[in-house]
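Here is a short note for your read-through. Please keep the structure open beside it.

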Amino acid sequence: MVKSLKYHNLIILFIVLVITTMLFHFGILEQWVKELEHTGLLGIVILGIFFVSTFTAVPAATMLVMMSEDMNIFIVAVFAGLGGAIGDYLMHRFIEDGLAHEIEAVFRKMAGNSWKKFDHIIHTRHFARISLVIGALILVSPIPDEIGLGFMSIYHLGVKKLFALTFGLHSIYIFILLSLAGLFI
């Protein structure tokens with residue numbers, strides 16, 4: 001039934017955002033993230049998956065900082081980076097499997113003839129390279145990963161390269177975050 005709707009990926013995204021907001025508002029997400037503290041390295045990987053999502057980044061980062069107090073921060077950063085790469089891969093699949101095309105269709109309707117100029121710029125080799133750099137910079141910033149992955153999808157990076165890149169970027173970013181947090185705790 002959902003596939004028969006014109007913009008089914010946008011509808012799914014909207015529903016997920018609403019549900020996540022409600023779970024966050026009622027404290028359910030935060031409580032669930034706190035339960036992961038007792039699961040060791042698997043919990044760190046799961047927290048890494050949640051670290052890359054807009055709505056779960058803050059509780060996941062808090063728990064990673066708390067877990068790094070009792071563990072080696074390098075190990076926490078690597079396993080959380082692995083989780084971040086998994087989370088980014090899942091988001092990338094969702095974007096590539098139709099969400100990007102639906103967003104493009106909506107923009108085409110809204111922009112009319114102006115879209116042709118913009119579309120031409122997007123599909124140049126130079127813009128694709130720049131979009132990869134912009135996307136990577138966004139991944140190592142507090143800006144939501146969804147935006148960075150959107151930029152990176154313009155470059156059409158292969159799955160293995162995307163996974164390796166996001167794993168490295170998230171591991172470094174989380175290591176820096178945990179190191180800075182260690183200075184203030």
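The points below go from the overall fold to helix pairs and then to single residues.

1. Overall make-up. This is a predicted model. The protein has nine helices and zero strands. From the N terminus on, the order of elements is α-α-α-α-α-α-α-α-α. Of its 185 residues, 35% count as buried. Take the contacts in the protein with a separation of 6 or more: residues 24 or more positions apart account for 71% of them.

2. The α3 and α4 pair. Helix α3 covers residues 41–51 and helix α4 covers residues 57–68. They pack at an angle of about 145°, and their axes are 8 Å apart. The crossing of α3 past α4 is left-handed. On the α3 side, the contact is made by Ile44, Leu47, Phe50 and Phe51. On the α4 side, Ala57, Ala60, Ala61, Met63, Leu64 and Met67 take part. What classes of residue make up this contact of α3 with α4? There are 10 nonpolar residues, no polar ones and no charged ones.

3. Helix α4 by itself. This helix has 12 residues. From first C-alpha to last, α4 reaches 16 Å, close to the 16 Å expected at 1.5 Å a residue. Its buried residues are Pro59, Ala60, Ala61, Met63, Leu64, Val65, Met67 and Ser68. Of these, Ala60, Ala61, Met63, Leu64 and Met67 are also named in the contact with α3.

4. Ser68. This residue lies in helix α4. Is Ser68 buried or exposed? Ser68 has a relative accessible area of 9%, so it is buried; the cut-off for buried is under 20%. Leave aside neighbours within four places in sequence, and Ser68 is in contact with Ile73, Val76 and Leu178. Leu178 is one of the buried residues of α9.

5. The loop between α2 and α3: Leu36. Helix α2 spans 28–35. Leu36 is buried because its relative accessible area is 8%. Which residues does Leu36 touch, not counting those up to four places away in sequence? They are Gly43, Ile46, Leu47 and Met67. Leu36 and Leu47 are 11 residues apart in sequence, and their C-alpha atoms are 7.6 Å apart in space. Leu47 and Met67 also belong to the contact between α3 and α4.

6. The loop between α2 and α3: Glu37. Glu37 sits in the loop between α2 and α3. Its relative accessibility is 30%, so Glu37 counts as partly exposed. Not counting residues up to four places away in sequence, Glu37 touches Met63, Met66 and Met67.

7. The α7 and α9 pair. Helix α7 covers residues 125–139 and helix α9 covers residues 159–184. Their packing angle is about 35°, with axes 9 Å apart. From α7, the contact takes in Leu132, Ala136 and Leu139. From α9, it takes in Leu165, Thr166, Leu169, His170 and Tyr173. By class, this contact of α7 with α9 has six nonpolar, two polar and no charged residues.

8. The two sides of α7. This helix has 15 residues and reaches 21 Å from first C-alpha to last, close to the 21 Å expected at 1.5 Å a residue. Ala128, Ser131, Leu132, Gly135, Ala136, Ile138 and Leu139 are buried in α7. Why do they count as lying on the same side of α7? Because they cover an arc of only 160° around the axis. His126 and Leu137, on the other side of α7, are exposed.

9. Helix α9 by itself. This helix has 26 residues. It reaches 37 Å from its first C-alpha to its last, close to the 38 Å expected at 1.5 Å a residue. The buried residues of α9 are Leu162, Thr166, Leu169, His170, Ser171, Tyr173, Ile174, Leu178 and Ala181.

10. Glu96. This residue lies in helix α5, which covers residues 73–111. Glu96 counts as partly exposed because its relative accessibility is 26%. Glu96 and His156 are 60 residues apart along the chain, and their C-alpha atoms are separated by 9.3 Å.

How values were computed. Residues numbered from 1 in each chain as written. Predicted model: local features only at pLDDT ≥ 70, side-chain atom pairs only at ≥ 80, totals over all residues. Heavy atoms only, no water. Axes fitted to C-alpha atoms, helices over the stretch in contact; angles between N-to-C directions. Helix = DSSP H or I, 4+ residues; strand = E, 2+ residues; numbered from the N terminus. Left-handed = near helix turned anticlockwise from the far one by under 90°. Contact = heavy atoms within 4.5 Å. Nonpolar A, V, L, I, M, F, W, Y, C, P; charged D, E, K, R; others polar. Buried < 20%, exposed > 50% of the residue type's maximum accessible area, 1.4 Å probe, protein only. Expected span 1.5 Å × (residues − 1). Arc of directions from axis to C-beta.
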